[in-house]
Each structure stands twice: as C-alpha cells, then as structure tokens.
Amino acid sequence: MIDGIWWLVILFAVIAVLWMLAKARGAKAGEKHSHKHSHKMSAKANKPVNDSLQKTSALLKQYFPDYRVNRKANHLLLSKQDKKIAMITIDKKIDVGQRRLGDVPVINYHRVPSRDQLTANLQDAE
C-alpha cells in the first residue's frame with residue numbers, strides 16, 4: 001500500500017501538472033485574444049468614426065462661416081458668439097427631426113443634410 005505522504009505528493013504533482021497545462025493554454029489563448037484585439041483597434045484607428053458627421057462639418061464650415069463647429073464623438077456642437085445654437089447628430093436609429101436637450105435643440109439626420117435643410121433647421125434653432 002501507498003503511505004499517506006505519497007498520496008499527498010501524487011496529488012500535488014497532478015495539481016502542478018494541471019496548473020502548468022492551464023497556464024500554457026491560457027498564454028496561447030491570451031496571445032490570440034490580444035492579437036485580435038490589437039487588430040480591431042488598429043482597424044478602428046484607420047477608419048473614420050462617422051464620415052457623415054465629417055462631411056456635415058465641412059458643409060457647415062463652408063456655407064455657415066459665422067458658426068463655430070465643435071466635433072464630438074457622435075455629434076456636432078454648433079455655437080455662435082460662445083452661445084450654443086444646436087447639436088447635430090446623424091443616427092439612423094433615431095427619427096429625423098428635432099428635439100430639445102435643455103436649451104439646445106438636437107437635430108438628427110439619417111444622412112448628410114443638404115444646404116437647404118441646414119439653413120431651415122438652423123433658422124428654427126435660433
């Protein structure tokens with residue numbers, strides 16, 4: 001028969017082998033995960049976040065030079081003489097139109113607005 005001490009040695013050996021096996025597999029999975037994650041991050045860095053907002057910002061700067069345009073992650077903030085005039089978002093999940101966020105109207109479009117749409121909505125906003 002095997003003494004009690006040998007059972008403990010065998011048990012610790014099995015635990016050590018399983019731990020080393022799990023650690024080795026975890027390192028391989030971690031490399032795959034970090035590689036995918038870094039690839040996604042680099043792809044996001046090369047791709048513009050919202051190209052429609054960039055085009056809208058260019059339109060505003062071209063046709064409405066008296067407005068100051070601040071680009072945020074998901075919206076454009078328009079101000080005139082340090083007073084917030086409007087917030088423009090481009091989101092297909094939200095209905096096209098206006099709503100208010102405090103004192104500032106939030107204007108949503110589904111695609112890049114035309115100059116006429118911008119003129120009409122900005123006149124309403126002021």
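Student: Why is Tyr67 called buried in this predicted model?

Tutor: Tyr67 has 8% relative accessibility. Buried means under 20%, so Tyr67 counts as buried.

Student: What makes Phe64 buried or exposed?

Tutor: The same cut-off applies: under 20% is buried. Phe64 stands at 12% relative accessibility, and therefore counts as buried.

Student: How do you know that Phe64 and Tyr67 form an aromatic pair, and what kind is it?

Tutor: A pair of aromatic rings is described by the distance of the centres and the angle of the planes. For Phe64 and Tyr67 the centres are 6.0 Å apart, and the limit is 6.5 Å, so the rings pair. Their planes make 65 degrees; over 60 counts as edge-to-face, so that is the term used here. By this rule the count comes to 1 aromatic pair.

Student: What sits over the ring of Tyr67?

Tutor: The charged end of Lys80 does, 5.2 Å from the ring centre. The distance limit is within 6 Å, and Lys80 is listed as sitting over the ring.

Student: Why are E1 and E4 called edge strands?

Tutor: The open sheet has 5 strands in the order E1-E2-E3-E5-E4, with mixed pairing. Strand E1 (68–71) and strand E4 (97–101) each have a single partner strand, so one side of each is left without a neighbour in the sheet. Neighbouring strands of this sheet are turned by 25 degrees against each other on average, direction ignored.

Student: How do you know that E4 and E5 pair?

Tutor: Pairing needs at least two bridges. E4 and strand E5 (residues 104–109) have 5 bridges, in the antiparallel sense, so they pair. Gly97 stands opposite Asn108 in E5.

Conventions: Residues are numbered from 1 along each chain as its sequence is written. This is a predicted model: local features need pLDDT of at least 70, side-chain atom pairs count only at pLDDT 80 or more; totals for chains, interfaces and linings use all residues. Side-chain values use heavy atoms; hydrogens and water are left out. Rings of Phe, Tyr and Trp (its six-membered ring) pair if their centres lie within 6.5 Å; planes under 30 degrees apart count as stacked, over 60 as edge-to-face and the rest as tilted. Buried means under 20% relative accessible area, exposed over 50%, partly exposed in between (1.4 Å probe, protein chains only). A charge sits over a ring if NZ of Lys or CZ of Arg is within 6 Å of the ring centre and within 35 degrees of the ring normal. Helices (H or I, at least four residues) and strands (E, at least two) are DSSP runs, numbered from the N terminus. Axes are lines fitted to C-alpha atoms, for helices over the stretch in contact, and angles run from 0 to 180 degrees between N-to-C directions.
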